[in-house]
Each structure stands twice: as structure tokens, then as C-alpha cells.
Amino acid sequence: MAAATGKVLLFVNLLEWPGKEMGAGHMHQATFFLASALKAAGVPVVLTDLKISRFLADDPASRSGLDAVLAAHPDINWIGLTLCDAYFEKAAELLRYLRGHTRAWLAVGGIMPTHHPQEVFVHLPEADFIVRGAGEEVVPQLLRILAGGFYKDGFSPGQARALRGLDGVLASDGRSIVWAGAETVLRVSDLDASKLDFSLLQREHAASGQAWSMSRGCHQGCSFCTSMDRGRFAGKSPGDVGRLLAAYGRRLKELYGSWSSVPASAFGIGFYDDDFFADAKRALAILKIFSRGPFFVRFLQTGINAFYRGASTGEPDERLMDSLRPELFNPRLGSDSAAQERTHVYLGTESFSDAELERLGKGYGFVRVRRLAEALSSRGVRQAHHFIASNARTRLEDLVESVSRLVELRRVCGPAFNVIEPVIPRLCSFYGTASWRGLVRDKLTSQARLRGRLSCPGFPEYDYPLVEGDIPLDADVRAFVNRIEGRTGVDWESELRELSSAGAGQSR
């Protein structure tokens, strides 16, 4: 079997988890779905917990775990990693190291290669395969075609022909290039067909619970969105989510020996979907499952407009509001000391200024934000709003409006209302997004802070700016974002006074 299918190395989670509650061992959903599909296809999977931020090719300590895995599994013939703009250089360093220390084929998927396959192919020569979109159906097919072969073997004529029969893949063996339907972004037509294999989870992956992505995409069209499924939505059915919960429960009992030995936090499921309430009927059915079992909702992520779709009045949908009972978010078995402080709902609000919300393409104004924040707070639902403090066009008056309304909501709503800190100081208009195209259109690309530009001499069509964030045109706005960058526990009332003083100085 191994000789026919090869062996795959995947990374548990290349990134550090952005919050404290899930713990460092959380398994990235792209890895979980792909590893599960490969196991179902009979392909052995090896996992490593290497973190991209800690990897240095010339530092043995940072790569010791990876070296040990490669030494223990010399038959690994395919390595896949998820790639995005934010860590392109580190991924390139990692791939160069792997090329010198393994015979395996190297592959990248994720946001960056999905949106820009040719640019990634040019600027990441160590990547033998570019996979666009969902990989859980096509990657097992790739492994069958490669039949256990290694990079040095190249593609046989038969393998090249078979690869050309695929979709969503760009490939090279160093001698030839295969365009395997690479104009196509792959999507899973029925997410219920994408199974999760809970035997992959160990205690370190489960002790703090799970953060699942049970849907892909959302209906919104934010100008800065980098999602592969912008404007689309597909989700697992409530019945399949129920089956997954049952399977996860069985795995917990296997890992801990008995239900009583399982830590209360392990029963928590966070929904890291772009918009959990994008399909209201589906979401309500999923939440109902949590009312009759040992599991609880650690958190869910959604958007402001999700609460208003289909509402005939200007108020949030009562069905959705009533579904978010505080007890839904509390452990059923045992106690969890962090439960009383944990955020229930993360909201992609982004700004509290009407002018800014319009620039960001959010599709709502502050009136909707206020009504929802007050309604959630009155029910005791703890909410954390994403807040992007500035973009290239942010005026001082826009910022004053946002911060003054933030202060107002904190006063009116009480401790149930919060913004995620550190706040996002600057919008990041990644290359290719509508926000980036707007900067190009308005001749404002000088307001994009770059950490570099990938280029290929003589081929400007492959130039790729690595964007770090927008630089506000307004000097007072720049001073504010520089002041709060990276800070937690911001005194928003004090910041409002500072900004108001700057505004008064401008008007004199």
C-alpha cells in the first residue's frame, strides 16, 4: 500500500494560534481536512508541529523536531503546507531547507497560491505543486498518480498525461511544466462528503477543545477580503455536525480513558467560520444540537448583517438573538475557570464610522452595529468586535467618530461589549483585493507599506508587492495608530480626548 500511495508530511498548524484560549496544539482546519482525506484514501500521514515563525534554516534548535521527523520517515515523498502573503519569505526559507534535506515533492496551497498561482510558481521555485482551492479531493488523486515516487524521479510520460486530467493544479518536475486545469479554483460540492478522522487528534490537540470550520465563505463582499470563497457560502449540514460531535466524543473517551477524566474545556467547540450565521436555518439547527449533550460552544464568529437578513424591522432577528443563550457557552461537565471571561461572539464589525464602513464595503451603518451590540449585551452575550483603526483614506474626523462611538458602546453596553485588542491598527490592502485595486485606481499605492516586492527581471507581469498595511494620509491618524499599535488595555476615553484636541487644533 505504502509503495503505491507514498507517505505525506503535513504541518499541524504553521501559525501560532492568535488567541490564548485554544492553546498551541490546536490543529489547523486545512490540515485536519486534508489529512483525513488522505487517510481515507489509504495514504499514511505524518504530522509535525513546527511553527513557521520559529523556523530558521541555520538554527538547529528551531528545526530539531522537523529533522527528527524526516530522519524517522525517509519514505515521505510529498510535503504540503498552507501559504499566505504574511509569511511568504519564511515559507520560502522552509521549502529551500526541505529541498536540501528530503527527496519529497513539495506542494503549497491556501490563499496566496489560489489567488495568484502563476506568481507563486515563479517566485517559489522549490514548490513542485501549486494547488488552488480545496485540496481534499485532488491531493489523494495526485498521490495515486505519483505512485510513491520522489522528486528526483520526475514525471513519467504517463504521469504527466494523468496530471493533465486534473483540475486546479500547476506542477513541475524541474524539467517540464504541467498545467493541470490550473485555471480552476477547486471547491467541494458537498461538504458533508469531507470527513474528519478524529484518530488524528492527540491530547495536545483536544485539551482546550476544538476550533472547527464547518463552512466556507460568506455572502458579504468586504473590499479587503482575501477569502477563496468571497461572496459564496457552503456548509456542513446540521446532521453531519452532529455526527462529528459524536465521533469527537468517542475520541475523547479513547484519549482520556473515561468521561470523568476528560477536562471540561475539551468539550468546547469554537466555530471559526467566516460567518456562522450566513445560513440562519442551518445555524439554528446546529445550536440546537448543543442544547442536549455534553458539548458547549466556546465561541462563534459572524457578521453584523447576518443578524438582519430577512428581518422586516430595523431590529436584529429575534430567532438568532434568542438562540444565543449564555448557558450555551458554559461547560456542561465540570468547571472551566476561563468560561466566565471568554468571548461568546466575535463580530467582523471593522469600524464604528459610517464613512469607514462604506469604504470597507461592509454593507451596513453604525445604527445596525449599535442595535446589535445593545441587544447582545442585554442578553448577557459577551461580544468582541474586530476594529480596523485606519486605512489609507481615514480622516481624523472618521477616527474621532469611530472612537467616540466605541466609548459610547462601552458605557451603554457594559462589560459584555469589547473590541479585540490589540486592535488592528491599519487595514492591510493585500495585493489583488478590491482594496488594493482601489489604491491603484486612485494612485495611492505609495500609501501601502511594503516589506518587499517579488520581481522577475524582464517580466513585470509577475511583480508581487508584499503588503504590510495601509499608511493613512492624515498625519494625526498616523500618530494615533503608531501610538496604539500592539497595545492592550487601551484607555479609549483618554485616546478620544487626545484625538478631539488634535481635531480642535486643525479647525483653528
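Guide: The dialogue below goes through cores, helices, a helix pair and some individual residues. This is a predicted model, in which local features need pLDDT of at least 70 and side-chain atom pairs count only at pLDDT 80 or more, while totals for chains, interfaces and linings use all residues. Residues are numbered from 1 along each chain as its sequence is written, and side-chain values use heavy atoms, with hydrogens and water left out.

Visitor: Which residues of the largest nonpolar core touch the most other members?

Guide: In soluble globular proteins, nonpolar side chains tend to be buried together. A nonpolar core is a set of buried Ala, Val, Leu, Ile, Met, Phe, Trp, Tyr and Cys residues joined through side-chain atoms within 4.5 Å; buried means under 20% relative accessible area, exposed over 50%, and partly exposed in between (1.4 Å probe, protein chains only). Here the largest core has 104 residues, and Trp78, Phe129, Tyr248, Phe277, Leu324 and Trp492 touch the most other members. Helix α10 (residues 238-256) gives the most to this core, with eight residues; helices (H or I, at least four residues) and strands (E, at least two) are DSSP runs, numbered from the N terminus. Another core, of 37 residues, lies apart from the largest one and includes Leu70, Leu81, Leu106 and Met112.

Visitor: How is the span of helix α4 to be read?

Guide: The expected span is 1.5 Å times one less than the number of residues. Helix α4 (residues 88-101) has 14 residues and reaches 20 Å from its first C-alpha to its last, close to the 20 Å expected. Among its buried residues are Phe88, Glu93 and Tyr97.

Visitor: At what angle do the axes of α15 and α17 cross?

Guide: Axes are lines fitted to C-alpha atoms, for helices over the stretch in contact, and angles run from 0 to 180 degrees between N-to-C directions. The axes of α15 (residues 396-413) and α17 (residues 475-484) cross at roughly 45° and come within 8 Å. Therefore α15 is oblique to α17, given that angles under 35 degrees count as roughly parallel, over 145 as roughly antiparallel, 65 to 115 as roughly perpendicular and the rest as oblique. Contact means heavy atoms within 4.5 Å; it is made by Leu396, Leu399 and Val403 of α15 and Asp476, Val477 and Phe480 of α17.

Visitor: Is leucine 406 buried or exposed?

Guide: Leucine 406, found in helix α15, is buried, because its relative accessible area is 0%. Leucine 406 touches Phe352, Phe387, Phe417, Val419 and Trp492, not counting residues up to four places away in sequence. The C-alpha atoms of leucine 406 and phenylalanine 352 are separated by 6.8 Å, although these residues are 54 apart along the chain.

Visitor: Which residue with a positive phi follows α7?

Guide: Helix α7 (residues 138-146) is mostly covered, with seven of its nine residues buried. Alanine 147 follows α7, with a phi near 50°, and counts as partly exposed because its relative accessible area is 40%. Glutamate 350 also has a positive phi, near 80°; this residue lies in strand β13 (residues 345-350) and counts as buried at 8% relative accessibility.

Visitor: Where does proline 422 lie?

Guide: Proline 422 lies in the loop between β15 (417-419) and α16 (434-441). The peptide bond from glutamate 421 to proline 422 is cis, with omega near -5°.
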